[in-house]
Amino acid sequence: MYKTMDLFAGAGGLSYGFEMTNKFQIVAVAEKNENARKTYQSNHKKKDEIEIIKDVIGCNFTKLNKEIGGIDIIIGGPPCQGFSNANRQKNHIISMNNSLVKEYFRAVMEIKPKAFVMENVSMLASETHRFYDSRIDHEIVMKLGIEMQEEELVIAKGAYDNLRVLDILQKNSYKEYEVSSELFQLLNVLYKNRNNDDKLKKYIEKNGKKIVKEISRHKETKENDFSILNVIENHIFEDSITDVLEQLSGFLNFQKAFILKKELDDNQILYEFEEKTRTGNVVAKVHSYPVIQYVKKIVEEDYKQCSGVVNSLWYGVPQDRKRYVVFGVRKDILGEQELKMPSKPEELQTISVNNAIIDLIDCQTTENVSTDAIPYADTEQLSQYAQKMREGSKVLYNHVITKSSKDAKERFAQLKEGQNFHDLDEKLKSNYADPKRTQNSIYLRLRGNEPSGTVINVRKSMWIHPRLDRAISVREAARLQSFPDKFIFEGSKDSQYQQVGNAVPPLMAQGLAEWLYKYIQE
């Protein structure tokens with residue numbers, strides 16, 4: 001049994017699949033989310049023998065390795081939402097997720113395991129996903145010989161209310177002008193609701209007094225007063241407020257400049273500010289490099305690697321889910337052998353949504369999270385997949401669904417298999433601010449005779465059962481991810497849906513584990 005550590009483990013799909021091979025034993029797990037951690041522990045019989053790491057940042061992996069008596073394999077899927085190109089249209093340039101891939105490889109470099117497997121979204125293979133050059137590891141990146149390119153990040157327009165943004169940033173005097181993060185968020189949502197009278201009215205009813213209080217607090221603590229804040233403070237409960245909200249745009253962009261500067265500084269990004277003559281924009285000139293190049297270079301001295309996209313369909317999962325996987329095996333173990341990626345089976349028999357969940361159609365759902373077990377309904381014929389999912393379980397857990405509004409139920413009833421939000425009558429789209437921008441995965445009624453698309457948080461997407469006019473349950477989503485019925489999810493309803501959506505399908509993980517084992521078996 002190879003002693004294995006799972007970083008960013010979530011509910012434990014990757015771990016579960018590796019342990020299903022009976023060749024890998026999980027000895028250490030890192031997971032920050034409390035509910036996911038609880039789910040992980042409750043589904044592992046030997047949980048008392050597993051070292052739990054609540055945060056990989058700052059973890060002494062060398063010490064951990066000695067305490068455990070050696071870690072053979074490191075697996076994990078560091079989150080990727082924070083990479084630079086994914087966040088440029090938002091209020092943030094980067095996020096802490098940027099550092100998590102580097103934390104994963106810090107663990108590899110400190111422990112020097114026999115092998116590692118890193119799983120992530122297929123987009124990670126693209127060179128558009130990049131790290132920004134920072135003081136933290138500039139010298140290391142330079143020694144690795146990774147090529148950098150210069151980029152310009154738009155920080156703000158050149159001026160607001162006769163105040164030059166560049167002067168403020170260069171003098172580092174923005175604290176004289178910035179509002180609290182709470183007031184910024186309140187005003188930001190107020191601005192976003194400006195074109196929807198109903199939403200705006202409800203938002204002001206709920207948060208108007210809080211906004212006035214935060215503006216008053218700002219005026220008491222800061223010398224710089226802004227006319228837009230005075231107008232909002234005095235007229236927020238009047239109909240005329242809608243006439244001034246457009247003016248908020250410039251003020252919010254002015255404030256975003258300070259938020260972005262703090263992000264750059266907090267992450268020790270190397271940058272220079274410049275004001276562009278043609279556009280008047282203030283930009284931060286930075287250098288960036290591809291995440292994929294960092295991944296390849298950081299361990300190439302000690303490990304042979306291969307990487308590529310795999311699909312969960314290849315492993316008997318009823319879901320078209322493409323993931324980018326990196327395998328690494330230590331050179332002294334692999335020898336002259338070439339390390340290759342798994343490939344699509346020549347004869348691929350896909351599992352449909354109906355194969356996966358239709359046996360649960362008569363099982364009673366609930367809208368409340370409960371530990372009470374639900375008996376299986378009598379079913380004349382079970383698919384082989386359903387039989388596999390029922391193994392080891394006499395009752396059904398997590399068959400909980402989202403509570404649906406009257407509008408949602410009307411949408412459910414109108415949509416046929418394969419249809420989504422865009423196929424609805426216009427009158428059923430009225431409470432969406434911009435229906436045309438709604439993703440095709442929203443209000444999607446699954447096709448029963450095909451595998452599903454990539455399972456995410458299906459509560460937020462409102463995925464619809466192929467035959468019933470309701471959202472699919474946590475358990476049904478878990479079936480599409482290949483979690484057996486005996487695997488029980490803990491925490492709130494939304495947390496359970498999120499845990500399922502974030503997970504690596506166990507059957508896919510099992511296939512990856514078997515593939516790795518071929519190269520490391522002694």
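Buried means under 20% relative accessible area, exposed over 50%, and partly exposed in between, with a 1.4 Å probe and protein chains only.

## Model and confidence

This is a predicted model, in which local features need pLDDT of at least 70 and side-chain atom pairs count only at pLDDT 80 or more, while totals for chains, interfaces and linings use all residues. Residues are numbered from 1 along each chain as its sequence is written, and side-chain values use heavy atoms, with hydrogens and water left out.

The predictor's confidence in each residue, pLDDT, runs from 0 to 100. Its mean over the protein is 90, and 94% of the residues reach 70 or more. Helices (H or I, at least four residues) and strands (E, at least two) are DSSP runs numbered from the N terminus. Over residues 82-89 pLDDT stays under 50. For that stretch the model has 26 contacts beyond four places in sequence, a contact being heavy atoms within 4.5 Å.

## Nonpolar cores

A nonpolar core is a set of buried Ala, Val, Leu, Ile, Met, Phe, Trp, Tyr and Cys residues joined through side-chain atoms within 4.5 Å. The largest one has 59 residues, and Phe 327, Leu 480 and Leu 516 touch the most other members. Helix H20 (residues 506-520) gives the most to this core, with eight residues. Apart from it lies another core of 44 residues, including Ala 156, Leu 200, Ile 215 and Ala 284. In soluble globular proteins, nonpolar side chains tend to be buried together.

Leaving aside residues up to four places away in sequence, Phe 327 touches Phe 116, Val 117, Lys 304, Gln 305, Cys 306, Leu 339, Met 341, Pro 342, Leu 512, Trp 515 and Leu 516. One of these, Cys 306, counts as buried at 10% relative accessibility. Cys 363 is also buried, with a relative accessible area of 6%. The structure holds zero disulfides, a disulfide being a pair of cysteine sulfur atoms within 2.5 Å.

## Helix H1 and its surroundings

Six of the eight residues of H1 are buried, so this helix is largely enclosed by the rest of the structure. The buried residues are Gly 13, Leu 14, Ser 15, Tyr 16, Gly 17 and Phe 18. They pack against strand S1 (2-7), S2, helix H2 (34-42), strand S4 (73-76), strand S5 (115-121) and H20.

## Positive phi angles

Most residues other than glycine have a negative phi, and most peptide bonds are trans. Asn 22 has a positive phi of about 60° although it is not a glycine. Asn 22 lies in the loop between helix H1 (13-20) and strand S2 (24-30), and is exposed, with a relative accessible area of 60%.

Tyr 443, likewise not a glycine, has a positive phi of about 50°. This residue sits in the loop between helix H16 (406-414) and helix H17 (458-461). Tyr 443 is buried, with a relative accessible area of 4%.

## Salt bridges

The structure holds 28 salt bridges, each a side-chain nitrogen of Lys or Arg within 4 Å of a carboxyl oxygen of Asp or Glu. Lys 32 forms one with Asp 55, the closest N and O atoms being 3.6 Å apart. The pair links distant parts of the chain, 23 residues apart: Lys 32 is in the loop between S2 and H2, and Asp 55 in the loop between strand S3 (51-53) and helix H3 (61-68). Lys 32 is exposed at 59% relative accessible area, whereas Asp 55 is partly exposed at 31%.

Glu 178 and Lys 262 meet through their side chains in a salt bridge of 3.2 Å, N to O. This pair too links distant parts of the chain, 84 residues apart, with Glu 178 in the loop between helix H6 (165-170) and helix H7 (181-192) and Lys 262 in helix H11 (residues 248-266). Glu 178 counts as buried at 14% relative accessibility, and Lys 262 as partly exposed at 30%. In the bridge between Glu 110 and Arg 106, the closest N and O atoms are 2.9 Å apart. Being four residues apart in helix H4 (residues 97-111), Glu 110 and Arg 106 are separated by about one helical turn. A network of salt bridges links Glu 150, Glu 152, Glu 274, Lys 276 and Lys 285.
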